[in-house]
Amino acid sequence: MSTSVIPDRPRSTRTQQRYERTRPVWLIVSVLIAVEIISAFETSMMYAALPTFTEIFNTDASAVGWSVTAFLLVAAASAAVCGRLGDMYGRERVLIIVLICAAVGSIVSMAFGTLWGVILGRAIQGVAGAILPLCIGLAREHLPAKKVPMAVALIAGSAVAAGAASLLVAGLIIDLGDWRYMFVVTAVYAIGCVVLVEAVLPWRHRDTERQQVDFVGAIGLAIAVTAILLALTQGKSWGWGDPRVLGLLVAGIAIFAWWVRWELGRKSPIINLRLLAERNVAATMLATVALGIGPIGVTTMLIPIIMQTPTTAPFGLGLSATHAGMLSFVGAMIGMLFTPLAGKIATALGARSSLLLGTTVFMIACASFFLFHGSVVGMTALVVAVSVATAFAYTALPNLLVEFVPEHNTSEITGSQSVVRTAAMAIGTSITTVLLATLVVPGTSTPTVAALGAVCALLVVMCAITIVLTLSIKYQKN
């Protein structure tokens with residue numbers, strides 16, 4: 001009598017199991033939102049710590065400000081470069097590397113205990129600027145097409161809410177404990193996100209052949225973006241006529257011009273510039289610029305100025321920083337509640353409709369700053385309106401690109417959009433600073449009502465330009 005033995009099927013290795021996972025939509029979206037929160041938190045948390053760092057390290061505001069500048073410079077460059085690398089070699093892999101860098105940066109900032117140690121750590125943390133485009137790419141990669149607009153809306157909207165919440169959380173940590181605990185929280189959270197990405201998210205094999213990385217293009221883009229943004233962000237403190245500012249601008253623009261020519265000649269460029277020549281993509285990018293120079297970039301700066309300026313000035317409500325911060329936080333949370341609505345509109349009517357609605361609310365709110373700058377109730381209502389408009393804009397802009405670019409270019413193009421938005425916001429805040437510093441009460445540095453009117457006019461014009469650009473988009477989904 002013979003006995004036949006059925007061989008056991010080989011078990012999947014842990015690595016293979018990543019590619020065999022199936023996860024419900026809600027779980028994938030929840031993980032992506034949780035991961036994006038660390039990027040938004042790290043971006044904004046330092047604003048609450050700047051006064052404390054000035055006192056602790058016994059230095060001036062310009063030196064402490066480098067803890068913000070270093071992060072933003074690296075974040076802008078990494079958004080485009082890491083987005084492209086994610087499209088090429090796997091967004092999950094690149095996202096884990098980015099999260100590890102965020103954790104390392106937090107540890108460096110905490111361990112050194114000096115201002116320059118904090119700045120170095122913040123520069124390393126800046127790689128987290130690539131998280132949003134990677135998460136948007138993963139949403140499009142793993143979700144059914146009809147679920148993508150809502151997912152993108154929730155991910156982008158969570159970034160807005162987390163940015164506002166970070167000011168409150170960081171402030172509480174500093175008031176109740178030691179500033180180092182801020183970095184303990186971000187390090188632990190980033191490590192937790194690594195576990196989520198590795199153990200929960202489904203992974204996908206790269207279907208396309210691995211292409212050679214355009215390292216020259218990546219380095220050139222990083223240098224050009226860093227030089228231009230450094231000039232824009234430091235123009236106020238160094239002076240716009242300072243040789244350092246002018247030199248950085250000239251060098252950055254020259255390197256960028258060379259980079260464009262280089263990229264157009266590559267078979268596998270770090271950024272596919274030919275995508276930007278497509279009408280709808282170009283209009284979306286220009287709308288991003290207009291909103292960045294306008295309300296997205298300026299309202300976060302203008303609202304605290306109006307709220308905290310003493311009532312003895314030509315305009316101002318005389319609120320404390322805590323009171324003003326709480327109003328901004330509540331407004332951001334209300335704006336977050338409108339994120340699902342923005343996603344539903346984008347799903348049903350297209351992201352163009354969502355952007356038009358958000359920009360219209362922006363325009364009304366920006367014009368109303370001039371009318372209600374003396375009313376606490378009026379300004380509170382405007383804070384809510386701006387938060388709602390921001391939720392619509394932040395969800396509509398990436399969704400428009402998702403509608404018009406191929407899936408394998410998603411993280412690359414949304415990363416480029418992050419770079420464009422960051423540069424535009426720097427330009428907008430610089431223009432606003434010049435207007436507020438030029439139109440002042442004679443013999444003082446106090447801005448006049450005319451200065452506020454000039455800023456409001458700038459915002460309204462940028463909103464009008466955005467509406468025209470949005471209407472020029474010929475709507476069609478991929």
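**Note on the predicted all-residue model**

1. The protein carries 29 positive and 21 negative side chains, and a distance of 7 Å separates the centres of these two sets.

2. As to secondary structure, the protein contains 20 helices and zero strands. Its radius of gyration is 23 Å, close to the 23 Å that the globule rule gives for 478 residues, so the protein is as compact as a globular protein of that length. Taken along the principal axes, the box filled by the C-alpha atoms is roughly 110 × 55 × 45 Å.

3. Burial and surface may be considered together. Of the 478 residues, 53% count as buried. The accessible surface amounts to about 20,600 Å², and carbon and sulfur atoms account for 68% of that surface. Where contacts link residues at least 6 apart in sequence, 80% of them join residues at least 24 apart.

4. Helix α7 covers residues 131-142. From its first C-alpha to its last, this helix of twelve residues reaches 16 Å, close to the 16 Å expected at 1.5 Å a residue. Twelve of the twelve residues are buried, so α7 is largely enclosed by the rest of the structure. The buried set includes the charged residues R140 and E141, together with C135, H142 and P133.

5. The cover over the buried residues of α7 is drawn from several parts of the chain. It includes α2 (25-56), α4 (66-89) and α5 (91-112), as well as α8 (148-176), α18 (376-404) and α19 (410-438).

6. Beyond neighbours within four places in sequence, S109 is in contact with G117, V118, G121, R122, W179 and F183. S109 and A437 lie 328 residues apart along the chain, and their C-alpha atoms are separated by 34 Å.

7. V289 belongs to helix α13 (residues 279-293). With a relative accessible area of 29%, V289 is partly exposed, because a residue counts as buried under 20% and as exposed over 50%. Not counting residues up to four places away in sequence, V289 touches V420 and A424. V289 and V420 are 131 residues apart in sequence, yet the distance between their C-alpha atoms is 6.4 Å.

8. Helix α14 (residues 295-308) has 14 residues, which should span 20 Å at 1.5 Å a residue; the end C-alpha atoms of α14 are 19 Å apart, which agrees. The buried residues in α14 are P295, I296, G297, V298, T299, L302, I303, I306 and M307.

Technical notes: Residues are numbered from 1 along each chain as its sequence is written. This is a predicted model: local features need pLDDT of at least 70, side-chain atom pairs count only at pLDDT 80 or more; totals for chains, interfaces and linings use all residues. Side-chain values use heavy atoms; hydrogens and water are left out. Helices (H or I, at least four residues) and strands (E, at least two) are DSSP runs, numbered from the N terminus. The radius of gyration is taken over C-alpha atoms; the globule rule is 2.2 Å times the number of residues to the power 0.38. Buried means under 20% relative accessible area, exposed over 50%, partly exposed in between (1.4 Å probe, protein chains only). Contact means heavy atoms within 4.5 Å. Accessible areas come from the Shrake-Rupley method with a 1.4 Å probe; for residues, only the protein chains shown count as cover. Lys and Arg count as positive and Asp and Glu as negative; His and the chain ends are not counted. The place of a charge is taken as NZ of Lys, CZ of Arg, CG of Asp or CD of Glu. The expected span of a helix is 1.5 Å times one less than its number of residues.
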